[in-house]
There are 4 protein chains.
Amino acid sequence: MTVTVGVLGATGAVGQRLVEHLDPHPQFEIAALTASESSAGSTYRAAAKWRTGTPIPEDVAEMTVTRTAPSAVPDDVDLLFSSLPSAVGAEVEPAFCEAGYVVSSNSSNERMAPDVPLVVPEVNAEHLDLLEVQRDERGWDGALVKNPNCSTITFVPTLAALSDLDLERVHVATLQAVSGAGYDGVTSMEILDNAVPHIGGEEEKLETESRKLLGTFDGAEIVEDSVEVAASCNRIPTLDGHLENVWIESAEPVSIEEVTTKMTEYPSLPLHSSPDQLITVFDEPDRPQPRLDRGRGDGMSISVGGFKESPFGVQYNCLAHNTIRGAAGASLLNGELLLDRGYL
Amino acid sequence: MTVTVGVLGATGAVGQRLVEHLDPHPQFEIAALTASESSAGSTYRAAAKWRTGTPIPEDVAEMTVTRTAPSAVPDDVDLLFSSLPSAVGAEVEPAFCEAGYVVSSNSSNERMAPDVPLVVPEVNAEHLDLLEVQRDERGWDGALVKNPNCSTITFVPTLAALSDLDLERVHVATLQAVSGAGYDGVTSMEILDNAVPHIGGEEEKLETESRKLLGTFDGAEIVEDSVEVAASCNRIPTLDGHLENVWIESAEPVSIEEVTTKMTEYPSLPLHSSPDQLITVFDEPDRPQPRLDRGRGDGMSISVGGFKESPFGVQYNCLAHNTIRGAAGASLLNGELLLDRGYL
Amino acid sequence: MTVTVGVLGATGAVGQRLVEHLDPHPQFEIAALTASESSAGSTYRAAAKWRTGTPIPEDVAEMTVTRTAPSAVPDDVDLLFSSLPSAVGAEVEPAFCEAGYVVSSNSSNERMAPDVPLVVPEVNAEHLDLLEVQRDERGWDGALVKNPNCSTITFVPTLAALSDLDLERVHVATLQAVSGAGYDGVTSMEILDNAVPHIGGEEEKLETESRKLLGTFDGAEIVEDSVEVAASCNRIPTLDGHLENVWIESAEPVSIEEVTTKMTEYPSLPLHSSPDQLITVFDEPDRPQPRLDRGRGDGMSISVGGFKESPFGVQYNCLAHNTIRGAAGASLLNGELLLDRGYL
Amino acid sequence: MTVTVGVLGATGAVGQRLVEHLDPHPQFEIAALTASESSAGSTYRAAAKWRTGTPIPEDVAEMTVTRTAPSAVPDDVDLLFSSLPSAVGAEVEPAFCEAGYVVSSNSSNERMAPDVPLVVPEVNAEHLDLLEVQRDERGWDGALVKNPNCSTITFVPTLAALSDLDLERVHVATLQAVSGAGYDGVTSMEILDNAVPHIGGEEEKLETESRKLLGTFDGAEIVEDSVEVAASCNRIPTLDGHLENVWIESAEPVSIEEVTTKMTEYPSLPLHSSPDQLITVFDEPDRPQPRLDRGRGDGMSISVGGFKESPFGVQYNCLAHNTIRGAAGASLLNGELLLDRGYL
């Protein structure tokens with residue numbers, strides 16, 4: 001009883017991670033792989049230039065890549081995962097939804113649209129109900145669900161765990177891996193022996209997406225959370241794993257023990273890709289570290305550590321695997337949630 | 001009319017930078033090089049294993065290294081630069097001062113001692129007057145002056161430029177280069193494809209040293225500034241250059257233009273190693289970057305950029321060369337100030 | 001029916017890889033972990049500072065580390081894996097063998113001793129028969145078996161596959177990962193944005209160990225192969241995976257097709273840690289690459305590619321995971337061979 | 001008495017190095033900067049996105065970039081330095097020569113053309129006489145001179161120093177920096193924690209260009225040297241500086257002392273950019289290293305070390321700065337030679 005799925009933008013860095021995780025997935029079976037016009041007609045092996053570090057799944061390797069259009073995808077595909085460049089996503093995702101496909105998308109377009117659920121299942125699964133509003137307004141048979149930006153996903157679950165503390169202010173500095181920009185996004189001459197204190201549009205995503213994710217669905221719309229977030233984003237020479245320094249301030253003083261207890265106890269979900277323990281708290285002051293901890297929970301865990309009282313509240317560090325928990329795994333998990341909640 | 005100087009701990013990473021900058025210095029002439037017992041008696045060439053990237057100065061290379069004790073240093077040396085490990089510094093620096101030497105030290109011991117001037121010449125040259133208190137209290141003919149920690153030096157000049165804005169709160173996240181830990185301080189397996197969100201004691205240094213540096217000398221003691229600093233420190237895979245994300249909050253709202261104008265106009269000093277322009281403001285949002293900008297002003301400039309309004313004030317990034325402006329050059333500059341103010 | 005084993009030098013980089021692979025091993029069960037005097041009495045968790053990238057095995061974490069001496073290891077341990085520093089290995093390994101233990105060692109001491117088998121199971125399993133000579137000569141109840149140096153293991157299987165081509169000369173240039181020097185072996189300041197064209201003693205190991213491995217056991221001694229090897233070794237900024245450029249020359253001309261066919265068809269062994277396919281031949285000219293291919297065959301495969309006619313014969317590139325196939329996995333595989341051949 | 005020069009392809013990585021070195025050059029004055037159509041009309045500051053690590057020369061920054069065509073370059077420009085992509089160079093360089101310009105080019109097109117001098121001044125300055133043949137055959141008022149590929153330049157001077165030893169065979173393995181591929185040539189995901197054992201066409205360049213450089217001009221053509229070169233090329237994660245492992249074989253045995261003496265005594269030239277000492281011999285076995293030694297002689301020296309007897313002759317390592325000695329400085333030096341020999 002598997003669901004037939006497709007990957008839009010299957011040859012990119014996130015697309016390859018999707019294929020890597022979909023191939024052995026017990027609930028999904030790949031039936032369509034799309035890419036740009038120039039790759040259409042090639043085998044996936046030829047088009048993808050596979051480079052994840054694990055061997056390419058041999059059966060998927062021989063599939064033929066199609067162009068990215070509803071007419072090129074078989075009708076019996078139930079669910080599409082999209083890792084298209086946002087400009088392309090903006091153009092074609094609505095066409096797929098119009099044609100009746102359910103799309104779980106990692107692309108940044110329409111993430112902040114009022115009728116598009118922006119979902120991290122363990123944080124705000126109930127936002128999926130917004131799809132009824134979406135279908136009403138857009139007249140779609142299909143549906144469009146988004147996961148947030150990789151750097152947003154890394155710290156939002158830690159804030160969600162503290163939701164009853166009434167957080168008022170958050171400062172966050174990110175140390176982001178190069179894979180977050182895609183395979184060709186950062187040149188070696190830009191980043192070797194260097195760091196770049198700017199990622200276009202990233203700080204705004206952290207500041208706005210977190211308020212939507214932490215908000216509540218009142219039956220008609222998402223009411224954003226009131227927390228104020230100030231973000232500063234940096235690219236550093238790591239391959240995978242976004243590390244973030246976080247300072248939180250709440251109306252009432254809060255202890256480190258209270259914070260770590262809430263994070264440890266914050267529940268995961270019984271979905272296939274959700275880790276048993278969503279947030280892992282490290283006692284060692286120098287953890288989490290990208291290379292050592294990004295693989296935890298098969299790349300789907302959030303790791304935290306370095307808790308300390310700051311003059312203004314509490315500070316800590318958090319880490320997630322940016323192309324798994326922060327991208328491919330995020331879309332996949334939204335697909336699992338859609339299946340679990342009966343949308344497929 | 002040159003001053004005869006020595007270097008305590010001349011073989012380490014900062015010691016080598018000191019030698020590299022002292023060799024062509026017009027005011028100073030190296031007459032003594034000390035190291036640990038095991039190196040005493042060797043040539044500097046043999047003891048240092050030179051590795052700065054420039055050729056070792058040939059005349060200095062043939063000098064004999066002595067052990068680190070007052071009796072091993074010629075009496076006619078007027079000024080000692082110290083880059084000793086702090087435990088060693090704590091033990092021997094007072095002995096040198098007692099023996100009449102003036103010591104400009106980069107070691108972390110006694111930086112926060114009430115009668116030890118902690119000085120960045122362009123920021124608080126007037127704190128040097130504390131030496132009278134020091135000599136009174138300790139009965140020394142010599143004197144001990146400290147420069148702050150490399151990560152402190154990077155952002156304090158930018159706060160000093162804003163001193164009349166009445167800053168109340170500062171958040172700072174650092175992305176620090178491996179050279180800050182000394183030649184053997186960070187192993188390659190720790191840092192390749194990785195980042196470490198912890199540097200022992202570093203956050204406390206940023207928080208406390210900055211208040212002392214920005215304080216005022218009232219004739220008897222340093223009255224610390226009231227700014228509250230919350231710091232989070234990270235080691236990343238860069239060789240030289242500490243990059244820092246800074247958020248400032250003041251009682252009254254302040255504009256980006258006001259901030260950048262004050263930084264641009266903040267004066268340098270007419271000392272040999274002071275750059276013409278102390279703080280360089282970049283318009284490009286992705287600058288400063290460690291590899292591209294650490295060499296500016298021969299490694300003695302502070303570079304800033306990425307100015308943006310945050311929900312709570314203004315945020316920006318700053319950068320300085322950690323082993324030049326942040327260590328060897330800092331001690332050297334304090335030596336130049338001591339000479340200029342008649343302490344030699 | 002598992003064999004009780006111990007790890008000598010269990011806290012180092014190779015020791016941790018041994019523990020990581022022994023914990024889930026179906027034939028072996030860890031009963032002893034030794035380290036230096038200073039770690040004895042601690043839990044393995046405290047002593048090891050675990051850093052392989054996978055979580056520490058929880059049951060092993062709570063075991064108590066002992067010092068490295070026969071009296072400290074339970075008598076019922078059947079097999080010891082040794083990843084001791086070579087000076088320590090030279091001192092204590094004979095004592096363990098004297099006391100009746102069978103030792104499969106990765107340490108470089110005694111690798112070239114005439115009565116010590118130097119073994120890569122898929123290449124020269126029959127050299128194990130030299131143990132009878134060893135027991136005769138040394139009067140041991142135990143036994144000492146060595147695996148070669150990591151850079152030797154990487155290219156020797158490719159030469160073994162060509163054994164009937166009568167190779168006369170081999171040139172090999174290595175690009176070696178930092179983990180080959182142990183956790184603290186290469187500092188970050190040595191290797192970031194750099195390469196070091198020297199690894200002490202390494203070139204000699206490649207040149208001499210390969211002749212012993214490719215030699216034949218005549219019932220009394222190993223008769224070395226006559227191939228002449230010229231090696232040049234480099235350390236580069238990679239974490240794991242030694243890449244090697246190889247040029248071969250034979251008396252008779254040889255075609256690329258002949259070479260790749262022999263490598264593809266070279267048999268593996270039915271031991272637990274032997275990969276199904278020992279040597280994987282890549283058609284893509286830019287493979288193998290350390291990060292992409294070191295994990296193949298769970299780190300136990302040899303990958304080759306870049307075949308080209310040179311003016312003097314054939315050239316190609318080969319790659320193996322240096323701390324798995326080249327160290328921990330090599331010792332483990334020798335242990336499996338010892339079990340298979342009835343030495344335990 | 002300065003010569004008016006222009007730079008074709010001034011905005012690329014090598015073009016920026018050319019501008020960096022031409023700006024303070026005592027013999028040349030920049031009067032023209034060309035780039036692709038899309039940059040024409042912009043200031044050099046806007047078009048270049050300067051990133052050499054030194055500040056952009058302020059006077060050059062304000063110059064207007066033109067398109068790359070003879071009609072766009074002032075007539076009074078005497079010499080053009082070309083760092084165009086080879087496809088573009090193949091198209092436009094002949095047009096410039098036809099129009100009367102003397103072109104010193106780093107582009108790879110036509111390097112092996114029989115009537116184009118391929119020159120490293122200290123090695124084969126006399127090949128410049130081939131220009132008479134070129135002008136006869138092509139009917140040009142201008143002239144086209146090439147410098148070799150960066151990896152060829154690194155080792156050819158060391159072979160030239162040994163020219164009377166009658167070398168028969170050379171093996172060379174290269175460890176090449178990412179800047180050799182241009183600013184966008186190598187992505188960070190390709191090279192972080194990795195090495196790539198393939199650079200398209202590079203091995204052939206080493207093998208063929210070296211024979212032409214070491215050849216002799218017989219008045220009519222270049223008679224290639226008979227040395228056989230087998231090359232294997234690798235890209236590694238260094239920014240600048242190509243390191244090469246070299247094995248040489250000669251008909252008669254040769255001692256290390258003989259080799260190092262010849263290299264040390266090999267003469268430089270009295271041209272502005274030639275270093276005082278062309279080849280620097282290191283005694284330390286682990287030198288030269290890219291980061292430590294690429295800057296020697298302002299990036300124009302060749303450094304060698306690691307001399308050792310191999311079973312077949314002598315082996316050593318050599319290093320040069322690939323974008324200075326191997327590219328921009330190489331073209332510049334050829335320009336200085338052209339001036340010195342009266343071609344301007």
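This passage describes two interfaces in a predicted model, one between the domains of chain A and one between chains A and B. Local features were taken at pLDDT of at least 70 and side-chain atom pairs at pLDDT 80 or more, while totals for chains, interfaces and linings use all residues. Residues are numbered from 1 along each chain as its sequence is written, chains are lettered from A and ligands numbered from 1 in the order in which they are written, and side-chain values use heavy atoms, with hydrogens and water left out.

In chain A, the domain assignment, with bounds that come from an automatic or database source, gives domain 1 as 3-149 + 327-340 and domain 2 as 150-321. The centres of the two domains, taken over C-alpha atoms, are separated by 24 Å. Contact (heavy atoms within 4.5 Å) links 34 residues of domain 1 with 37 residues of domain 2. The buried area, that is, the accessible area (1.4 Å probe) that two parts lose on being put together, summed over both, is about 2,700 Å² between these domains, with carbon and sulfur atoms giving 65%.

Across this domain interface, 2 salt bridges are found, a salt bridge being a side-chain nitrogen of Lys or Arg within 4 Å of a carboxyl oxygen of Asp or Glu. Polar contacts (pairs of N or O atoms within 3.5 Å; within protein, one must be able to donate a hydrogen and the other to accept it, and residues adjacent in sequence count only if both atoms are side-chain atoms) join 15 residue pairs across the domain interface, both residues being at pLDDT 80 or more. On the side of domain 1 that touches domain 2, helix 1 (13-22), helix 5 (121-124), helix 6 (130-138) and helix 12 (324-340) of chain A each give two or more residues, where helices are DSSP runs (H or I, at least four residues), numbered from the N terminus. Helix 12 of chain A gives the most to that side, with 7 residues.

Between the chains, 48 residues of chain A are in contact with 48 residues of chain B. The area buried there is about 3,700 Å², of which carbon and sulfur atoms give 54%. Within chain A, Asp193(A), Arg291(A) and Phe312(A) lose the most area to chain B, together accounting for 18% of what that side buries. The chain interface holds 10 salt bridges, and the side chains of Glu204(A) and Lys308(B) meet in a salt bridge at 3.5 Å, N to O. Polar contact is found across the interface of chain A and chain B for 26 residue pairs, both at pLDDT 80 or more.
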